2 protein chains.
Amino acid sequence: MKAHVWVMPKRTVLDPQGQTIQHALSSLGYKAVKDVRQGKFFVLDLEGWSRDNAQKELERISREVLTNPVIEEYRFEIVE
Amino acid sequence: MKAHVWVMPKRTVLDPQGQTIQHALSSLGYKAVKDVRQGKFFVLDLEGWSRDNAQKELERISREVLTNPVIEEYRFEIVE
């Protein structure tokens, strides 16, 4: 089974990496790119969990290990 | 218009961040997580491009700015 997890800076939090990229793109001539947010993306290979179990465990892994809940938010999907 | 860009280490490239997370999860008891790959995820806000134009420009932005083509690969989607 595979799972995808997205971890993004919260909307209320500054994203200096994303801003740096937006500025770089603008100075390269890509003026149409008005905003960039950068997050993390994880692909997890899972073995031995039922889908229900995986759902529950991924919730915990995302919240407790992959995300800093003060400044980040997450979502995940079981993909196969 | 919004676009999503995923940048992942190539399959043939070691992913030390992902391995570190996999080891951490294993030592926390999540033995079912057999592999972790970590990549980057970008959300871009675009203004003033047609969909066709955006497709072409995103290809260039992904390849030339967001990705290190020696060790990473990318994919993108225009989402709205």
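**Note on the contact between chains A and B**

1. The contact between the two chains takes 29 residues from chain B and 29 residues from chain A, contact meaning heavy atoms within 4.5 Å. This is a predicted model, in which local features need pLDDT of at least 70, side-chain atom pairs count only at pLDDT 80 or more, and totals for chains, interfaces and linings use all residues. Side-chain values use heavy atoms, with hydrogens and water left out, while residues are numbered from 1 along each chain as its sequence is written and chains are lettered from A in the order in which they are written.

2. Symmetry. Chain B is superposed on chain A by a rotation of 180° with 0.0 Å of shift along its axis, at an RMSD of 0.0 Å. The two copies are thus related as by a two-fold rotation axis. Both copies use the same surface, since 100% of the contact residues of chain B recur in chain A. The superposition is by least squares on the C-alpha atoms of residues with pLDDT of at least 70 in both copies. Among the residues of chain B, B:Lys40 comes closest to the rotation axis, its C-alpha lying at 2.3 Å.

3. Buried area. The size of an interface is often given as the accessible area lost when the parts come together. Here chain B and chain A bury about 2,700 Å² between them, and 67% of this is on carbon and sulfur atoms; the figure is the accessible area (1.4 Å probe) that the two parts lose on being put together, summed over both. In chain B, the residues that lose the most area to chain A are B:Tyr30, B:Ala32 and B:Phe41, which together make up 22% of what that side buries.

4. Polar terms at the interface. The count of salt bridges between chain B and chain A is 0, a salt bridge being a side-chain nitrogen of Lys or Arg within 4 Å of a carboxyl oxygen of Asp or Glu. By contrast, 12 residue pairs are in polar contact across this interface, both residues being at pLDDT 80 or more. A polar contact is a pair of N or O atoms within 3.5 Å; within protein, one must be able to donate a hydrogen and the other to accept it, and residues adjacent in sequence count only if both atoms are side-chain atoms.

5. Elements on the chain B side. At least two residues each of the side of chain B that touches chain A are supplied by β1 (2-9), α1 (16-27), β2 and α2 (51-66) of chain B. The largest share, 14 residues, comes from β2(B). Helices (H or I, at least four residues) and strands (E, at least two) are DSSP runs, numbered from the N terminus. By class, this side of chain B has 18 nonpolar, 2 polar and 9 charged residues. Ala, Val, Leu, Ile, Met, Phe, Trp, Tyr, Cys and Pro count as nonpolar, Asp, Glu, Lys and Arg as charged, and the others, Gly among them, as polar.

6. B:Gln38. This residue is found in strand β2 (residues 33-46) of chain B. B:Gln38 is buried, at 11% relative accessible area; buried means under 20%, exposed over 50%, and partly exposed in between (1.4 Å probe, protein chains only). Leaving aside residues up to four places away in sequence, B:Gln38 touches residues of both chains, including A:Lys40, A:Phe41 and A:Phe42 as well as B:Met8, B:Pro9 and B:Ile21.

7. Salt bridges of Lys40. Over all chains the structure holds 10 salt bridges. In chain B, the side chains of B:Lys40 and B:Glu72 meet in one of 3.5 Å, N to O. This pair links distant parts of the chain, B:Lys40 in strand β2 and B:Glu72 in strand β3 (residues 72-78), 32 residues apart. B:Lys40 is partly exposed, at 26% relative accessible area, whereas B:Glu72 is buried, at 15%. In chain A, A:Glu72 forms a salt bridge with A:Lys40, with the closest N and O atoms 3.5 Å apart.

8. A:Lys2 and A:Asp45. The side chains of these residues form a salt bridge of 3.0 Å, N to O. A:Lys2 lies in strand β1 (residues 2-9) of chain A and A:Asp45 in strand β2 (residues 33-46) of chain A, so the pair ties together parts that are 43 residues apart in sequence. A:Lys2 is partly exposed, at 26% relative accessibility, as is A:Asp45, at 25%.

9. A:Val5. Strand β1 of chain A also holds A:Val5, which is buried, at 0% relative accessible area. A:Val5 and A:Val43 are 38 residues apart in sequence and 6.6 Å apart in space, C-alpha to C-alpha.
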